Amino acid sequence: MAQIPEQVGKEYDQLKDELNRHNYSYYVLDEPTIPDSEYDRCMRRLQEIEQQYPELLSPDSPSQRVGGAALPSFSQVTHDVPMLSLDNAFSEEELEAFDRRIGERLNLKADQKIEYVCEPKLDGVAVSLLYRDGLLVRGATRGDGKVGEDITANVRTIKSIPLKLRGEGIPPLLEVRGEIYLPRAGFEKINAAAIAQGDKVFVNPRNAAAGSLRQLDSKITASRPLEMCAYSVGQFQGGLSEPDSHRNMLKLLGEWGFKINRYVEVVQGIAACESYYEQMQQRRDQLPYDIDGIVYKVNNLALQQRLGFVAKAPRWAIARKFPAQEEITQLLDVEFQVGRTGAITPVARLAPVFVGGVTVSNATLHNGDEIARLGLCIGDSVIIRRAGDVIPQVAAVVLEKRPPDARPIVFPENCPVCQSPVRRVEGEAVARCSGGLFCGAQSKEAIKHFASRKAMDIDGLGDKLVELLVDKGLIYSVADLYELRADKIADLERMGEKSAQNLIDSIAASKHTTLAKFLFALGIREVGEATGQTLARNFGSLEAIIDADIDRLQEVDDIGPVVAYHIRDFFRNPDNLAIVNALRESGVSWDDVDISAQDSQPLKGQTWVLTGTMEIMSRAEAKDKLQELGAKVAGSVSAKTTQVVAGPGAGSKLTKAQSLDIPVMDEEQFIAFLNRL
Ligand code: 5U1
């Protein structure tokens, strides 16, 4: 065995501490401290040392988080203290009855309020983690509450689970309980990877978390971005005396290195529990993970003891469930919609179902591949999932319920609107109508996009009115908008002379625009707002863009071969050029951009974030201004953010910026800053 040089031993301990500290900051506190590249360098060096001196390797080494050899099976674990489940309250009345029962058992006076801890109920998998002398020695599933499975190798791979506890006063034996869950972004990511590989996808983040923990090969678990929040203690033996309240116990767990949900709150009395429920229900869609309800716990641990248990659940806690985010319903039909770029999207028509707080009767099926992947037939019972801000999804088919008369879904060969052939480019999932602007559906969508706020911003020209104008044959393309006359449209439904004139005035007012907005308004595939800005900044005039070949277009930062191809393709099409010319002849105009000013763009290379309310200038104006000055405007704060502008009501983005030491200014300071440039 090679002698371990003292220097190497010291370096090893330092690396371990540094990596564990970083893991804690990054995965528990959400506050990155060192760049990824530095983390990777430390990890490589640690592994190098472990390879050379394997006797140094300890169970709390961060290298142990990558997973090890696959197990033949999971062994069983008996819980010394059973893992309880929770009773549910399905209404305010049931919650109030829970509070009354507690008051009666504790002989409280009618006006005496009980102190409760309110916690979001994370939708994942319950876990027990056993620590001896501060080291993680066992992770187990709940199982039936008495006997679970040993998933130690898998839990070691979860970065927010401490392998070694930090801080003071750690009891020699500590069993922590909590929830392992998969944030929504991680769920989307692993499902996207499964689709790319032709594997089965998970129906929801909970199933994905459970499936990831059930892996005998812990390397697979390590590849899933699971997280864990602690919510109680099963055993606490020796060391300091236990805290007196549940909240203080959670605080202590936080100090020892566990992630504690940030929305945990102590309240007085059941009415406050109800307001907390309402607040969290409002917030539910914006959370980055699924929660399925709220857990209320009596805060005082001595009172918890007095209250005790019934069967498998404590008397001192209850879960109030939120409306389900998944429901079963029937697929009645599939219709095919044609989008602005001709993309044909199958849309599921469903028997209406209340899910995630709204009634859902349609869901997108994305494309033909998605229908094939789901194995969907008309008449099937399907699981609809609506979680977060996302549009409702058909998550799975319930095959056992397939009726004998279920029919296969046939993708159309011709456009349902204009009958032109449908084409699918090899390697692309999307099938498209080949009719171009000849297709009524495509021209309607193109006009809606052209008129939209971020494009030509034609006030009063909403989607419904565009449909009506096209259906009545008053316009065929965007160029016709500028030829409209008030007397031609005054007779339309709910129009009248005054509204007709207002619309004509708004159309006229939209004529003077910017090159960037005009490019965006044209609806060229893959050319969004930001690409419109980039093109305008780099070419200065429309003529220069029309004349640019693919190579020239690709010389521009952020323009790859696909975008370049679509731009070129658009301006090669004589119909499109005719529309562009007609628009210019009608008076659509902009000031050419001074491209020589490019190098002096003072904010080039910077990333700004706008958060909170803007009271003096609009957020859109602020964004335009920053982009003109060369800055990127991002939606979230990260270590790469240069500057944050925070108005009243700024929340988590401001907190994150402060924790990362990113400079923050308010709107007045921002305007003063712009004036100085
Ligand atoms: N937040 C939270 N979830 N949850 C689940 N607390 C909590 N407590 C539980 C369960 C099953 O059980 C208690 C009895 C400790």
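The model is predicted. Its chain is divided into six stretches: domain 1 (6–64), domain 2 (88–321), domain 3 (326–408), domain 4 (436–510), domain 5 (515–597) and domain 6 (601–676). The centres of domain 3 and domain 5, taken over C-alpha atoms, are separated by 37 Å.

Start with helix α1 (residues 6–28) and helix α2 (residues 36–52). Two packed helices are described by the angle between their axes and the distance between the axes. Here the axes of α1 and α2 come within 10 Å and cross at roughly 140 degrees. Angles over 145 degrees would count as roughly antiparallel. The pair α1 and α2 is therefore oblique. The crossing of α1 with α2 is left-handed. On the α1 side, the contact is made by Val8, Glu11, Tyr12, Leu15, Lys16, Glu18, Leu19, His22 and Asn23. On the α2 side stand Glu38, Tyr39, Cys42, Met43, Arg45, Leu46, Ile49 and Glu50. By class, this contact of α1 with α2 has nine nonpolar, two polar and six charged residues. An α-helix has 3.6 residues a turn, so residues three or four places apart point the same way.

Move on to helix α3 (residues 92–105) and its partner α9. Their axes come within 10 Å and cross at roughly 145 degrees. The crossing of α3 and α9 is right-handed. From α3, Glu92, Leu95, Glu96 and Asp99 take part; from α9, Ile270, Cys273, Glu274 and Glu278. The contact of α3 with α9 has three nonpolar, no polar and five charged residues.

Is proline 288 buried or exposed? Its relative accessibility is 51%, so proline 288 counts as exposed. Proline 288 still has partners from elsewhere in the chain: it touches Pro183, Arg184 and Ala185, leaving aside residues up to four places away in sequence. Alanine 185 is 103 residues from proline 288 along the chain, yet their C-alpha atoms are separated by 7.2 Å.

Next come some backbone angles. Glutamine 419 sits in the loop between β20 (407–408) and β21 (422–424). Its phi is near 70 degrees, a positive value in a residue other than glycine. Glutamate 526 is not a glycine either, and has a positive phi of about 70 degrees. The loop that holds glutamate 526 runs between α17 (515–521) and α18 (529–539).

How many of the eleven residues of α18 are buried? Eight are, and the helix is mostly covered. The buried residues are Thr531, Gly532, Gln533, Thr534, Leu535, Ala536, Asn538 and Phe539. Their cover includes α17, α19 (542–547), α20 (550–554), α21 (561–572) and α23 (619–628). After α18 comes glycine 540, with a positive phi near 80 degrees.

The last stop is serine 589, in strand β24 (residues 589–590). Its relative accessibility is 28%, so serine 589 counts as partly exposed. Serine 589 touches Lys511, His512 and Thr513, not counting residues up to four places away in sequence. Phenylalanine 518 is 71 residues from serine 589 in sequence and 8.8 Å from it in space, C-alpha to C-alpha.

Technical notes
Residues numbered from 1 in each chain as written. Predicted model: local features only at pLDDT ≥ 70, side-chain atom pairs only at ≥ 80, totals over all residues. Heavy atoms only, no water. Domains from an automatic or database assignment. Axes fitted to C-alpha atoms, helices over the stretch in contact; angles between N-to-C directions. Helix = DSSP H or I, 4+ residues; strand = E, 2+ residues; numbered from the N terminus. Parallel < 35°, antiparallel > 145°, perpendicular 65-115°, else oblique. Left-handed = near helix turned anticlockwise from the far one by under 90°. Contact = heavy atoms within 4.5 Å. Nonpolar A, V, L, I, M, F, W, Y, C, P; charged D, E, K, R; others polar. Buried < 20%, exposed > 50% of the residue type's maximum accessible area, 1.4 Å probe, protein only.
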